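Q: Before we turn to single features, could you show me how to read a model of this kind step by step?

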Amino acid sequence: MLMSDTFRFTAPPGADELRAKVRELAEGYLADKDPVTRANCWMRPDPAFSLLAGEAGLIGMVWPKKYGGHERTAAERYIVMEELLAAGAPVCSHWVADRQSGALLLKYGTEEQRQKIIPGIVRGETYFCIGLSEPGSGSDLASVRTRATHTAEGWRINGQKIWSTIAHKSHYMIALIRTGSEEERQKGLSQFLIDLSMPGIDIRPIRDLTGTEEFTEVFFDDVLVPDSMRIGEVGEGWKQVTAELALERSGPERYLTSFSLLNALIRFGQTSGRDDIRRLVGQAVAELWSLREMSMSTAAKLASGEDPVVEASIVKDLGTGYEQELPRAVQALLEEVDFASGDDFGRLLAYLLQASPSFSLRGGTREVLRGIIARGLGLR
Ligand SMILES: Cc1cc2nc3c(=O)[nH]c(=O)nc-3n(C[C@H](O)[C@H](O)[C@H](O)COP(=O)(O)OP(=O)(O)OC[C@H]3O[C@@H](n4cnc5c(N)ncnc54)[C@H](O)[C@@H]3O)c2cc1C
């Protein structure tokens, strides 16, 4: 069963108040921010905002109170994510920790790991990055070569990760590391919680096309990681990491990255009175609404304990296609946009035209997702 009525959120009690509270918090913080800094906001780290979100109880919303969490519903959490992203709040510092690292530690971590790490995530103080990709191991993740060798003192890690977003601004990486032989492929992989301040770790930022430096390369030179920082069983890394992917692929960040452009287009359409702009707005809003329904249905399925890998892949594939198409459609329609003028609309459109090709790469490429969908539907 893919998307269906069985997995729907009903509006939780107090939904409107929660929505208003989050909107007020985000707008208060963003008052002087232009639309460009509101686009792709979950790639913009800002610890001050994450601390504010932590104080307001917006991180770790569904996690147990004994680790500092708030034991709210998944529907309430969805409302919070949606409002923060729609406003363009700079959520990047805590995003990965809140979306997947904390959930992974709750599921597979030890009690010691949970007690040590999760309260800091909830307060908006502890940040995580994802250590999957390596030079030569992106889509073919099972070919990961960074290796952990078991010794009397712990695990010695050697190798390199690449494209780890905000590793240089994070406290921890959850890394997929080879503990068995390369021939074992998936079976030879394990997950480690790596404290990025440890000796032997060298993090180098990579500048992207838009001029930001949030990507990194992370080098491990004989890094000694105690066995207490292993997550789950040795050899179970693949199973654990694939369970994490549904959390990574189905949220509202997969269709709201270009939302500030839609807002700007609506404002532009109101003043220009052009029918072609109205048509594009209507089409974009209708598509957004369908994506939202699909994403919420997948979130409801996740909340019921299922692992909707195929649904999450569909949401990400269609959602990122939408996020990429909108800037292109606006450019095609508004030939008069002067990118050199420096006005907000031109800068926003220019930024999204440059950044959006990456939207369908991060979190698994379009071709890889379509392979997963085809397999899930029994087509291959
Ligand atoms: C903005 C951004 C943020 C990122 N953040 C992180 C992060 O925090 N942590 C992290 O670990 N990684 C991160 N990545 C890396 C991302 O996960 C990889 O770029 C992605 O998995 C693709 O891997 P690759 O770049 O090695 O490309 P390749 O795997 O080399 O793919 C190249 C091309 O070949 C196609 N291809 C590959 N295999 C197949 C196949 N079997 N069938 C059909 N087509 C195929 C791909 O679709 C792609 O078009 C990030 C990437 C981006 C763009």
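A: Burial is counted here from C-beta atoms placed from the backbone: a residue is buried if 20 or more other C-beta atoms lie within 10 Å of its own, exposed if 12 or fewer, and partly exposed in between. This is a predicted model, in which local features need pLDDT of at least 70 and side-chain atom pairs count only at pLDDT 80 or more, while totals for chains, interfaces and linings use all residues. Residues are numbered from 1 along each chain as its sequence is written.

Q: Is Trp163 buried or exposed?

A: Trp163 is buried, with 21 other C-beta atoms within 10 Å. Trp163 sits in the loop between β3 (155–162) and β4 (172–178), where helices (H or I, at least four residues) and strands (E, at least two) are DSSP runs, numbered from the N terminus. Its phi is near 65°, a positive value in a residue other than glycine.

Q: Where is Glu71, and what is its phi?

A: Glu71 lies in the loop between α3 (47–55) and α4 (74–87), and its phi, near 50°, is likewise a positive value in a residue other than glycine. Glu71 is exposed, with 11 other C-beta atoms within 10 Å.

Q: Which residues of α11 are buried, and how are they arranged around the axis?

A: An α-helix has 3.6 residues a turn, so residues three or four places apart point the same way. In α11 the buried residues are Phe345, Leu348, Leu349, Tyr351, Leu352 and Ala355. Seen down the axis of α11, these buried residues fall within an arc of 160° (taken from the directions from the helix axis to the C-beta atoms), so they line one face of the helix. Their cover includes α2 (35–38), α8 (259–272) and α10 (309–333), contact being counted when C-beta atoms, placed from the backbone, lie within 7 Å.

Q: Where does the ligand lie relative to the domains?

A: Domain bounds come from an automatic or database domain assignment. Domain 2 (129–236) and domain 3 (250–376) both give residues to the shell around the ligand, so the ligand lies between them. The shell holds 18 residues, the closest being Gly138, Ser139, Arg362, Thr365 and Glu367, where a residue is near a molecule if its C-beta atom, placed from the backbone, lies within 6 Å of it. At least two residues of the shell come from each of β1 (128–131) and α12 (366–376).

Conventions: Two residues are in contact if their C-beta atoms, placed from the backbone, lie within 7 Å.
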